[in-house]
Amino acid sequence: MTRANYVRTPAVSFEHLFRLSDSVGLFEHARGTERRVEHGYCVDDVARGLLVAVREPEPTEELNELARTYLAFVINAQTSDGRFHNRRGPGLMWEDEPSLDDCWGRALWGLGTTVARAPELAAQAIAAFDRSTTRRSASPRATAFAALGAAEVLLVRPDHRRAQAMLCNAVKVIGAPGNDPRWRWPEPRLRYANALLAETLLAAGSLLDDTSALADGLTMLGWLLDVETNGEHLSVTPAGGWALGEPRPGFDQQPIEVAAIADACARAFALTGDERWRDGITRAADWFLGANDVHVALYDPVRGGGCDGLEWNGRNENQGAESTLAMISTFQQAQHLLALHE
């Protein structure tokens, strides 16, 4: 693959993310490019916003301020027993009961990434991270999100025992790939952010010296990448999930699935140097640019946002937080790849 393949990916833009944010956090929904204040905020998105803000290699002061805002929001959502609220209304009241669902996992992922990537915020982030590390979720995805936060902590604090324990637990909760060569996956159905599970095994395998977990993660990711590729472009699992025997391609396809592929392939490439994973990152970025089943771009080059989904006849024109963050995250991985070849 030539260097020209990478140049197509646009520079990462935070313009639309700023548009969706205020001094409190990040609004979840948008109508077109305009934020829908009436729907409020959620930790799921703010934690993802924190992650992409702190892992930007050369952040502006404006982006640093946004990271501080997001961190404060996430910490405010945490209860004394380590659970997290998710939904916060426009009146700034929490509207749900605290839980150990995805919001818990994503909060820990954002906090752990802050510990590793933003030294000036690390003290606040590790205190909040530690408050939740004794808790466990029954959800494989919530567990995996949290484990990726633990993996980030271990990059800078390799003796952090609670982070090690979270990764060990994630390996058990996720399980091993299936034995059927047609279905090398630990679940009977693909759902959302599927590559997250494979990436977590890769992280555990590399950081805990667990060769079985590493091998399982590579097997799962390779199978998933094959399943979610159609010719030369990604054709990802739709919002309703997918199992053997169901028609493909499926719709609506969600940007979060593509971002998970980019993240997992980036980790696999860093660990192995295998060109297959580099190609996976490139195809994930290209999916947003129109190399997909409908041949329509989900990236808005004028406003800097990402459209909310790929439909059988086009795209969802709304540019909400989840989709924009998924696009930013994917472009960050592609730009990092480009930097490696400069």
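At 2% relative accessibility, F331 counts as buried (buried means under 20% relative accessible area, exposed over 50%, partly exposed in between, with a 1.4 Å probe and protein chains only). The model is predicted, so local features need pLDDT of at least 70 and side-chain atom pairs count only at pLDDT 80 or more, while totals for chains, interfaces and linings use all residues. Residues are numbered from 1 along each chain as its sequence is written, and side-chain values use heavy atoms, with hydrogens and water left out.

The structure holds 10 aromatic pairs. Rings of Phe, Tyr and Trp (its six-membered ring) pair if their centres lie within 6.5 Å; planes under 30 degrees apart count as stacked, over 60 as edge-to-face and the rest as tilted. One of these pairs is formed by Y41 and F73. This pair is tilted, with 5.6 Å centre to centre and 55° between the planes. Y41 lies in strand β3 (residues 41-42) and F73 in helix α4 (residues 61-77), so the contact ties together parts that are 32 residues apart in sequence. Helices (H or I, at least four residues) and strands (E, at least two) are DSSP runs, numbered from the N terminus. Both Y41 and F73 are buried.

F331 pairs with F288. Their rings are edge-to-face, at 6.0 Å centre to centre and 75° between the planes. F288 belongs to helix α12 (residues 275-288) and F331 to helix α13 (residues 321-340). The pair thus links distant parts of the chain, 43 residues apart. F288 is buried, with a relative accessible area of 0%. Y41 and F73 also belong to one aromatic cluster, together with F27 and W94.

Two arginines lie over aromatic rings. A charge sits over a ring if NZ of Lys or CZ of Arg is within 6 Å of the ring centre and within 35 degrees of the ring normal. R141 lies over the face of Y192, at 5.1 Å from the ring centre. The charged end of R248 sits over the ring of W242, 4.7 Å from its centre.

Helix α5 (residues 102-117) has 16 residues. The expected span of a helix is 1.5 Å times one less than its number of residues. For α5 this gives 22 Å, and the end C-alpha atoms are 22 Å apart, which agrees. Of its 16 residues, 14 are buried, so α5 is largely enclosed by the rest of the structure.

The backbone was examined next. Most residues other than glycine have a negative phi, and most peptide bonds are trans. The peptide bond from R248 to P249 is cis, with omega near -5°. The bond from F251 to D252 is also cis, with omega near 0°. P249 is in the loop between β6 (233-234) and α11 (255-272), and D252 lies in the loop between β6 and α11.

A193 has a positive phi near 45°. A193 is placed in the loop between α8 (161-174) and α9. It is buried, at 3% relative accessibility. D209 has a positive phi of about 55°, although it is not a glycine. D209 lies in the loop between α9 and α10 (211-227). With a relative accessible area of 67%, D209 is exposed.
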